[in-house]
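Biologist: Hi! Could you walk me through this one?
Modeller: Happy to, here it is.

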Amino acid sequence: QVQLLESGGGLVQPGGSLRLSCAASGSIFSINAMGWYRQAPGKEREFVASISRATIANYGDSVKGRFTISRDNAKNTVYVQMNSLKPEDTAVYYCKAWATKPRQPDYWGQGTQVTVSS
């Protein structure tokens, strides 16, 4: 069993910054890559960023150049630094961990709300 706990969400003005954290606990050895998705009202869940254990990162097109994902393997924690935030970044942000075993389900956090508004 793996548990993912997100933190760092909140209300920020356009152009501002937030840093989200996701701490993993439980069967940590079962986790490979980690990352973030987001879902705005009325929209499908959207890929934000991911990072492998070797710290190879990928980003969704809408956040490239503004968001930076990082990982602390010793702390079993993944972060996303979100800069130059826009109202369209408003969403619930979900942490995801990919399982190392292909037949095991991936893990999801409960989500943290990010609201970008004046």
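Biologist: In what order do the 4 strands of the open sheet come?
Modeller: The order is β1-β3-β8-β7, with antiparallel pairing. Strands are DSSP runs of E, at least two residues, numbered from the N terminus, and two of them pair if DSSP finds at least two bridges between them. This is a predicted model, where local features need pLDDT of at least 70 and side-chain atom pairs count only at pLDDT 80 or more, while totals for chains, interfaces and linings use all residues. Residues are numbered from 1 along each chain as its sequence is written, and side-chain values use heavy atoms, with hydrogens and water left out.

Biologist: Which strands stand at the edges?
Modeller: β1 (2-7) and β7 (67-72); each has a single partner strand, so one side of each is left without a neighbour in the sheet.

Biologist: And how many bridges join β7 to β8?
Modeller: There are 6, and β8 covers residues 77-82. T68 stands opposite Q81 in β8.

Biologist: Switching to aromatics, which residues do ring pairs link into a cluster?
Modeller: Y37, F47, W98 and W108. Rings of Phe, Tyr and Trp (its six-membered ring) pair if their centres lie within 6.5 Å; planes under 30 degrees apart count as stacked, over 60 as edge-to-face and the rest as tilted. The count comes to 3 aromatic pairs. The ring centres of Y37 and W98 are 6.3 Å apart with planes at 45°, so that pair is tilted.

Biologist: Where do Y37 and W98 lie?
Modeller: Y37 is in strand β4 and W98 in strand β9, so the pair ties together parts 61 residues apart in sequence.
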